[in-house]
Amino acid sequence: MSALTALPRVAAVPAAAAIFVLSGCTDRISNPRPGLAAESERRADAVPIGEATASVRWSTITRDFISAKEGAAKPNPVAAFRAYAYLSLAQYRAVVAAADAPGGVRHVSPQGAVAAASSVVLSALFPADAAFFASQLQLQETEIAESEKAQSEFSAGEVIGQAVAAKVLELARSDRFDAVWTGTVPTGPGYWSSDFDPPRPPQLPVLGQMRPFFMHSGDQFRPAPPPAFGSAEFLAALAEVRRFSDNRTADQLRIAQFWAMTTGSLVSGFWNEQTTTRIARYHLNERRAARALALVHMAAMDAIVACYDAKYTYWLIRPYKADPNITVPITKPNHPSYPSSHACSSGAAANILAALFPADAAELIAMADEAGESRLYAGIHYRFDKDAGLRIGRQVAALALSDKRDDDERLGDR
């Protein structure tokens, strides 16, 4: 199959668990490579309105669903990133499978394939809400009820989408996301410790062992160790965070609280919306829309895996623990400091989007930078945490964008 043509590349800062634990084999899953296509190529296979694509519609359903969840019912931010990654992988594979379906009896609707794949994946990831996702699929079915031909094509797409989703869920069940930790928290000067009394186990200490999508392993981009605790470099970085804490401006507080994103659709939802907004703006068709979503979410998840590999390699103390006079105006994360997971995930997502939508590159990269900087304003990260996280994000994005294999081959079954 021929590779997909590329999509477009942002600056102004943005405005304002009860999850089915699926976990994988040793082969990595690869994804779509977005080369940079000419404007004429992008418009040649575009649809009049990008928001009409089923992948965008189901992205909105997912964002709204996560946003509405509260308390213990809301998936943790990493689980949400993972859900988007498998959802978008299933969507892209469904579009490709619909296009490759044998001709003959009836045409296959890619929208039907994406809708069914989305409903099946989300129902498995959030089994307590399976009826809700089934109802959303039924709603989409009723919208074409007046046309027998459209019904037939949509139904044919659903059959394909269901089969694709089943295979994607097999991958998810084996990815080791739910691996059991049997280690212990190291103790001593400079090591992270729980903020809870009594202490709670750290969040996802073996996430770095999860099978990634693009990387060969979680340690592929492991950064060098952070500055030694108590060293001049460490103390200078700590002093910078203390200065932010002592002199936090209203704007810095706003930025810190905006990027905390512990409510609503979470950080994953923010980057999903940045993607779908551009899909609509640049009028991408179903296949290209699904491909863009897959690239963004799978790269972001890989960056988080790399981030957590480093976190639990170095176990670095948080700034506010190193200096108790540092104030924290947001929820304190229950995992080590180095590197910043906000910087990792936002860096990956922003760099993928910057390649896909070059006209928006400056704005997107500025968003990722602000996401990382916000954690210094909040008193929970050092500058070297941010720098290492953004570097991981860039490295993962570059890896995802550099694979020269055909898009369909890299996203196809393994």
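Biologist: How many helices and strands are in the chain?
Modeller: There are 15 helices and zero strands. Both are DSSP runs numbered from the N terminus: helices are H or I with at least four residues, strands E with at least two. This is a predicted model, where local features need pLDDT of at least 70, side-chain atom pairs count only at pLDDT 80 or more, and totals for chains, interfaces and linings use all residues. Residues are numbered from 1 along each chain as its sequence is written, and side-chain values use heavy atoms, leaving out hydrogens and water.

Biologist: What share of the residues is buried?
Modeller: Of 414 residues, 57% are buried, meaning under 20% relative accessible area (1.4 Å probe, protein chains only).

Biologist: Where does Ser340 lie?
Modeller: In the loop between helix H11 (319-322) and helix H12 (341-356).

Biologist: Is Ser340 buried or exposed?
Modeller: Buried, because its relative accessible area is 0%. A polar atom of its side chain lies 3.1 Å from the backbone nitrogen of Ala343.

Biologist: Which residues does Ser340 touch?
Modeller: Leaving out residues up to four places away in sequence, Ser340 touches Cys307, Arg375, His381, Asp385, Lys386 and Gly389. Touching means heavy atoms within 4.5 Å.

Biologist: Switching to H14. Which of its residues are buried?
Modeller: Among them are Asp385, Lys386 and Gly389. Phe384, Leu390 and Ile392 are also included.

Biologist: What should the 20 residues of H14 span?
Modeller: 28 Å, at 1.5 Å a residue. The expected span is 1.5 Å times one less than the number of residues. The end C-alpha atoms of H14 (residues 383-402) are 28 Å apart, which agrees.

Methods:
Buried < 20%, exposed > 50% of the residue type's maximum accessible area, 1.4 Å probe, protein only. Polar contact = N/O pair within 3.5 Å; in protein donor to acceptor, adjacent residues only side chain to side chain.
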